[in-house]
Amino acid sequence: MSVTEEGLCHHMKVVVRIRPENTKEKTTGFHKVVHVIDKHILVFDPKQEEVSFFPRKKTTNFDIAKRQNKDLKFVFDAVFDETSTQLEVFEHTTKPILQSFLNGYNCTVLAYGATGAGKTHTMLGSAVEPGVMYLTMVDLYKSMDEIKEEKVCSTAVSYLEVYNEQIRDLLVNSGPLAVREDPQKGVVVQGLSLHQPKSSEEILQLLDNGNKNRTQHPTDVNAASSRSHAVFQIYLRQQDKTASINQNVRIAKMSLIDLAGSERASSTSAKGTRFVEGTNINRSLLALGNVINALADTKRKNQHVPYRNSKLTRLLKDSLGGNCQTIMIAAVSPSSLFYEDTYNTLKYANRAKEIKSSLKSNVLNLNNHISQYVKICNEQKAEILMLKEKLKAYEEQKAFTDKSDKIKLVIPHPQEKEIERFQETLNCLFQNREEIRQEYLKLEMLLKENELKSFYQQQCHKQIEMMCSEDKVEKATCKRDHRLAMLKTRRCYLEKKKEEELKQFDENTHWLQRVENEMGLLGQNGQIPKELSKDLHFHHLNLQNKDLKAQIRHMMDLACLQEQQYRQTEA
């Protein structure tokens with residue numbers, strides 16, 4: 001047995017998800033401290049620009065001890081704003097690494113952030129909006145179904161929590177479990193149960209059962225606060241369906257982790273048991289922070305990484321610094337109520353981008369014993385017979401199809417000829433209709449452009465009248481009148497062309513209505529045949545789609561022109 005060595009350097013991928021403001025934050029008047037620039041950049045605590053003559057109103061919950069308006073820019077692999085959906089987060093985080101998982105690479109997705117920032121919602125979700133864990137399993141089963149003709153796949157899942165520095169199995173009622181390190185398997189939890197769900201419904205049921213067993217208690221910040229770190233692991237084993245003496249087996253592990261949120265006792269009003277839980281959560285997250293700092297510090301070589309300071313960091317040893325492709329989802333609140341928590345989360349997330357790992361595909365080469373040769377031969381014979389049957393069925397089906405096609409060619413149905421004729425007519429009509437629409441939209445855009453230029457000529461002249469001498473104003477007036485006259489001439493020409501295009505479009509619509517009436521005579525009860533109805537619907541949708549694309553393109557051109565004119569006016 002051997003493992004293939006193919007080391008690849010990989011940086012940890014870090015994304016940020018901003019949850020929407022809750023009712024308390026909206027009603028109490030907290031301001032937003034996170035501003036999304038685009039899909040990769042956000043600004044923390046942006047500067048508040050004064051746009052009014054009057055001074056700004058006094059902001060509630062303003063802490064004078066804090067240094068306000070940090071105006072810090074952060075760049076991440078992806079930034080999801082308050083309107084992002086569960087599916088969007090999954091599509092840009094876990095889905096891209098599923099193919100790596102199927103190729104034998106270990107993968108990890110972990111949600112990090114303060115309590116109440118939306119980590120559990122992202123990872124677990126609800127029945128209406130399932131989270132990353134459920135969507136991952138559904139997509140994995142779909143991918144396995146696509147390769148079932150070539151590969152034999154088997155999966156198993158486990159679900160555990162780290163609560164008060166103790167590991168518990170969430171799918172089986174058991175006591176605290178011990179962590180061991182295996183030279184071949186890496187970090188192993190002794191006694192952890194494995195389950196093999198056969199469908200997506202079974203996965204949802206397993207996740208639901210595990211979540212019911214997970215430790216949750218309400219705090220002042222979060223009514224359903226998770227008091228433990230949850231780790232959902234998927235184990236995948238693949239081998240070729242074709243039996244052979246030397247078998248390549250791919251074994252990979254994916255970890256989906258929902259970390260408990262860091263919290264301050266002053267914010268959560270934690271006392272007694274809740275205070276002890278919060279202390280343990282913060283201790284394990286502090287240990288995680290130290291591990292991230294040590295791994296991200298590329299200047300110091302052979303630096304000690306303190307994995308053993310917490311059960312959580314021991315479990316994440318492979319995910320953070322080992323043979324694993326890792327994605328961190330940093331969940332933050334946009335409200336100033338969680339100013340420090342959001343700032344700390346963004347700092348850790350920014351630090352985590354520096355972590356590198358060396359990836360190796362876990363492919364085992366199994367050399368079968370001679371006693372297995374008879375079994376392998378029998379499996380190959382069975383596979384050959386199955387393929388012969390499939391080939392025979394395919395050839396029979398092909399022969400039948402070819403025969404049917406020949407009959408159709410010899411005796412063509414008169415209605416089919418009519419349908420083909422109408423399809424060609426529709427293609428010509430809609431091609432002409434599309435050309436007219438594109439030209440009409442272009443003329444509309446040019447008229448808008450003309451209107452904007454006229455407006456800016458007037459604005460520019462007003463500025464000259466205010467700032468320049470009479471001689472210069474007189475010269476500028478002559479230039480303005482000349483340019484406005486040219487723009488007016490151009491506008492008259494464009495309006496005339498627009499009217500011509502509109503007439504052509506009305507004529508095309510008239511012909512289209514005639515063709516639709518004729519198609520109705522071809523069907524039963526005056527209805528258009530199904531084939532032609534589908535074609536007609538497709539052409540209309542295609543035309544609408546191209547119209548929208550053209551309008552978006554024109555709007556962007558106008559916005560650029562507006563920006564250009566604005567800069568010239570300012571200059």
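The model is predicted: local features need pLDDT of at least 70 and side-chain atom pairs count only at pLDDT 80 or more, while totals for chains, interfaces and linings use all residues. Residues are numbered from 1 along each chain as its sequence is written, and side-chain values use heavy atoms, with hydrogens and water left out.

Visitor: How many helices and strands are there in the protein chain?
Guide: Helices (H or I, at least four residues) and strands (E, at least two) are DSSP runs, numbered from the N terminus. By this assignment the protein chain has 15 helices and 19 strands.

Visitor: What percentage of the 571 residues in the protein chain is buried?
Guide: Buried means under 20% relative accessible area, exposed over 50% and partly exposed in between (1.4 Å probe, protein chains only). Of the 571 residues, the buried share is 39%.

Visitor: Why is strand E17 described as largely enclosed by the rest of the structure?
Guide: Gln-325, Ile-327, Ile-329 and Ala-331 point one way from E17, while Thr-326, Met-328, Ala-330 and Val-332 point the other way, and all are buried. Strand E17 (residues 325-332) is therefore largely enclosed, the buried count being 8 of the 8 residues.

Visitor: Which residue in E17 is the bridge partner of Cys-107?
Guide: Two strands pair if DSSP finds at least two bridges between them. Strand E3 (residues 13-18) runs parallel to E17, joined by 6 bridges, and strand E8 (residues 107-113) pairs with E17 in the parallel sense over 7 bridges. Within E17, Lys-13 has Ile-327 as its bridge partner. For Cys-107, the partner in E17 is Gln-325.

Visitor: Is His-461 buried or exposed?
Guide: His-461 is placed in helix H13 (residues 414-467). Not counting residues up to four places away in sequence, His-461 touches Val-473, Ala-476, Thr-477 and Arg-480, a contact being heavy atoms within 4.5 Å. Because its relative accessible area is 4%, His-461 is buried.

Visitor: Is Ile-552 buried or exposed?
Guide: Ile-552 lies in helix H15 (residues 530-570). Since its relative accessibility is 52%, Ile-552 counts as exposed.
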